2 protein chains.
Amino acid sequence: MVSKQILEDLKKGSAIRAMFVEGKALAERMGAENVYDFSLGNPCTPVPEAYTKAMLDIIREEDSLSIHGYMDNAGYPQVRKLVADSLNQRFGTDFDEGNILMTAGAAGGINVILRTLLEPEEEVMVFVPYFTEYRNYCQNWRGKLVEVNPDYDTFLPDFTDMERKLSPKTKAVLINNPVNPSGVVYTEEVIKKIAALLEKKQKEYGHEIYLISDEPYRELVFDGKSVPFLTHYYKNTLVAYSFSKSLSIPGDRIGYIVVPKEMADYETVFAGLSIANRIIGFVNAPALMQKTVARCLYERTDVEFYDQNRKLIYGELLKLGFTCVKPEGTFYLFVKSPVPNEKQFVEAAKKHHILLVGGSTFACPGYVRLAYCVPYETIERSLKAFAALAEEFGLGEHRAQ
Amino acid sequence: MVSKQILEDLKKGSAIRAMFVEGKALAERMGAENVYDFSLGNPCTPVPEAYTKAMLDIIREEDSLSIHGYMDNAGYPQVRKLVADSLNQRFGTDFDEGNILMTAGAAGGINVILRTLLEPEEEVMVFVPYFTEYRNYCQNWRGKLVEVNPDYDTFLPDFTDMERKLSPKTKAVLINNPVNPSGVVYTEEVIKKIAALLEKKQKEYGHEIYLISDEPYRELVFDGKSVPFLTHYYKNTLVAYSFSKSLSIPGDRIGYIVVPKEMADYETVFAGLSIANRIIGFVNAPALMQKTVARCLYERTDVEFYDQNRKLIYGELLKLGFTCVKPEGTFYLFVKSPVPNEKQFVEAAKKHHILLVGGSTFACPGYVRLAYCVPYETIERSLKAFAALAEEFGLGEHRAQ
C-alpha cells in the first residue's frame, strides 16, 4: 500500500539491483579479482588526512553541545563565511555567508532547491544523458522533467532542441558539470550559449528561469580543464556542490548551495531554501561535517589517480575499436554500444565478467557507462576481457577493413 | 518566484522569527541573565562522554573510506543489527537488521515514511496540540492534515472526535509520544484504544491505516513512566526515533525507523522507505553518526536534570495559580493562558522578560508552551517574573476567592 510512484520506482529499480546481485554471485563463483565491476560511481581514493585530523581536532577542542547542536537551518554562519571566502579566492566572486546554504550533499541541495521553487506541473529541463536521480528529484515535487537531446558527436546540448523545448512552464534548467555519465565538461562557450538562450526566454516569458548546476565532480577534471563558475554568466543561478567526490566522503552527506545576491527575489529565495531544508527533514546539514569541511576547503583527494585510470581505459578502448566521447571530467566513460540495443552489449560484457550500466538508465540508449573509480590493477586485468568483447562484436575486424 | 506554499510558510514563519529577534534585542538591552527564554526546544544537557569517545575511537581505528563512504541506503547492516538488538533487550521485541532503517533524525524519518506511503490528497491524522512541522511534512507530499481535538482536561485524544474524523481517505495516523508541546505521555491504555479503533476502521475500509509514532522524547520521561513500544499493539506501525534529545546531539541528524515484519506488505514498504531515503536526497543517514550511535545505544544524557527543572517550574506555576496539565515527559509544559487570546498573554509575559510560544503554533490557541530545557538558575531567576505575571492576570486573587 505504498504510493504508486514509489511502487513504480521499486519495479524499475529492481533491474539494476538484479545486476548487482548477479555481479556479487559472479565474484563469489569466479573470485573477486576476475570480475571487473565498473558499475558503481563510488569514490575509491583516500580521504585526505587533513579531513581526519580536522575532525579529531574539532571533537577534542570544541564544546560538545556546539559541535553536535542545532544552528541556523542554513548552517553555521562562520562555516558559510569560510566557504564564501574560498570561492571568492578561487573564482573571483564576491560572496559572504548570505550566499551560502549548507546542505546534506548535492542530492539534498537539489531537492531543497526544487522544493523551494517548483509548483506542481512546472517543467525542469535536463540534458540527455543525465544522472538518473534527476527524474526522481523532480517527481518528489511534482514537477515535469523535459529532456533535451545531445549532439551525439560531442555530447554537448543540442541547442536547437533546447530552444524548441523551453516553454512558459519552464521553471528551471538543471545541468551537471562535469557530466555524469559522459565525462564531458561544459566549457565557458557552452555555458554562455545556455545563459544567452535563458536570458532571451526570460524576457519573452516575463518570468525567471532558474539555472541549477549540480557540481559534485567540479574538482575531478583533467587535461588542465576547469569548470566555469556559473554565477559569472547568469544571475538566476543556483549551484549545488557536494564534497562527496572531492574529499571521498559520500557517506558524510555534506555540501552547499550558492545563491548569488544578484538573483531576482534573492532574499525570498534564500529564506525559502532555509525553510525547505528544515521542512524536508534535513533540518540542517550534519553539524560536525560542516565544521570539518570548513577546515578542508582547499584539500582534494588524489585526482591524479583517477586521471591515470582514465588514460589507461580510454586509450585501450579506442585501440580496441570502441567509440567514446573524450572524457575530461568525473570518473566515467560513456561508450557507444557496438549494437543498437545496448542491453545486448551489457549482457555480453557480463559474460566476460565486465559489469557496466546501460545508457537507458541515463535516458540515452545505445551507450553504456563505465565507472573507472576502481583500482588501476582492476583496469589492467580487465583489458584482456575487453579485447575478447571487442572481438566478439567484430570491432577489431571493422577497423582492419 | 518561489512556490506558493513556501511563500506562505515564509509569511507564517516570520511571526516566530520576529519573536526571536525581539528576544535577542531584549537580551542585549537587559542583559541575557535578565531574560527568561523558554521558547526553544534545544537540548542543553551534556553530550555523554561515551559518545565523544566512541566517535574518536571510530575515526582513529576504522578505515576512512568505510566510515565516510556509501553503504546501503537503509544504513550499515551491522549498525541496524545493533539497534535491533538494543530494542529487543529493552522491549522484548524480535527485530533484526531488516526491521531498522537509519535516518537523518526523526524529521528525516517521518518525511521518508510519508513520501513512501502518501498519494496526493490522502489524509494524515494528527492530535491537537501537535508539533507544528507535521503540517509541513504532510504538505511536502501533498497529503491532507486532519486534526483531532484533545480532551482538554487530560490532553489525551478525544476518541469520539477521532472516530468521527477517520475516513476512507485516512492513510496514516501520526502520534508523538511523549507529546511536544504538552508533555503528556500516552499510556498503554491510550495506545490500545487507538489501536482498536484503527483495527476496526481498517476492516471497515478494507485497506491499511498506518500508525506513525514520532518518538524523539522517548527517553525523556519522569515519575517512573515509560512509553509503550507500539509494535506490540498494532501491526501497521512505523516508529520514527531520533537520538537528538536522548544524547543531546540534534545537529548530528541521526535516528531510525522501525518497521515490523508483521506489517502488511512489509517487504514493499521497507524497500520503498529505502528508495524514499535515497531520492529525497538523504541518500543515507550520516555514516559516522550511524557508527557512533551504535556504540551508545544504552547511553543517555542527564534526564534527571530535566526532571529537576520540571519539578521546580511546574510546582511553582501551580502555586502561582496557573493551570497546566501534568507533564510526564519531554521538556515542555503546556500552560493555560489566563485569557482566551493567548497572544495577549505571550505579549504580557514578554514585558516581564519571559519568552513563550503561543499555542496557536501547535493548533491549540488559549495555551502557551514553555520549554524548560534551560539552566536551573534561569528558572529560579524567572520565578519572580512569573509571580508578577500571575498578579497582573489576577491569578493569585482568583485562588484566594
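Start with the cysteines: in this predicted model, a search over all chains turns up 0 disulfides. Take C138(A), which is in no disulfide; the nearest cysteine sulfur belongs to C364(A) and is 19 Å away. C138(A) is also buried, with a relative accessible area of 1%. Over in the other chain, C44(B) is in no disulfide either, and its nearest cysteine sulfur is that of C373(B), 5.8 Å away. C44(B) is partly exposed, at a relative accessible area of 26%.

| C138(A) | C364(A) | 19 Å |

Now for a helix. In chain A, α11 covers residues 303-319, which makes 17 residues, and from first C-alpha to last it reaches 24 Å, close to the 24 Å expected at 1.5 Å a residue. Its buried residues are V303(A), Y306(A), D307(A), N309(A), R310(A), L312(A), I313(A), Y314(A) and L317(A). After α11(A) comes G321(A), which has a positive phi, near 100°.

Next, a strand in chain B. β7(B), residues 170-176, is mostly covered, with 7 of its 7 residues buried. It pairs in the parallel sense with β3(B), residues 123-127, over 4 bridges, and A172(B) in β7(B) is the bridge partner of V124(B). β7(B) also runs parallel to β8(B), residues 210-214, joined by 5 bridges. There, A172(B) turns up again, standing opposite Y210(B). To get from β7(B) to β8(B), the chain passes through helix α8(B), residues 188-205, in a right-handed β-α-β crossover.

Finally, how do the two chains relate? Chain A can be laid on chain B by a turn of 180° with a shift of 0.0 Å along the axis, and the RMSD is 0.0 Å. That is the relation of a two-fold axis. In chain A, the residue that comes closest to the rotation axis is L56(A), with its C-alpha at 3.3 Å. As for the contact between them, 100% of the interface residues of chain A are also interface residues in chain B, so the copies meet through the same surface.

Note on methods: Residues are numbered from 1 along each chain as its sequence is written. Chains are lettered from A and ligands numbered from 1 in the order in which they are written. This is a predicted model: local features need pLDDT of at least 70, side-chain atom pairs count only at pLDDT 80 or more; totals for chains, interfaces and linings use all residues. Side-chain values use heavy atoms; hydrogens and water are left out. A disulfide is a pair of cysteine sulfur atoms within 2.5 Å. Buried means under 20% relative accessible area, exposed over 50%, partly exposed in between (1.4 Å probe, protein chains only). Helices (H or I, at least four residues) and strands (E, at least two) are DSSP runs, numbered from the N terminus. The expected span of a helix is 1.5 Å times one less than its number of residues. Two strands pair if DSSP finds at least two bridges between them. A crossover is right-handed if, with the strands pointing away from the viewer, the path from the first strand over the helix to the second runs clockwise. Copies are superposed by least squares on the C-alpha atoms of residues with pLDDT of at least 70 in both. Contact means heavy atoms within 4.5 Å.
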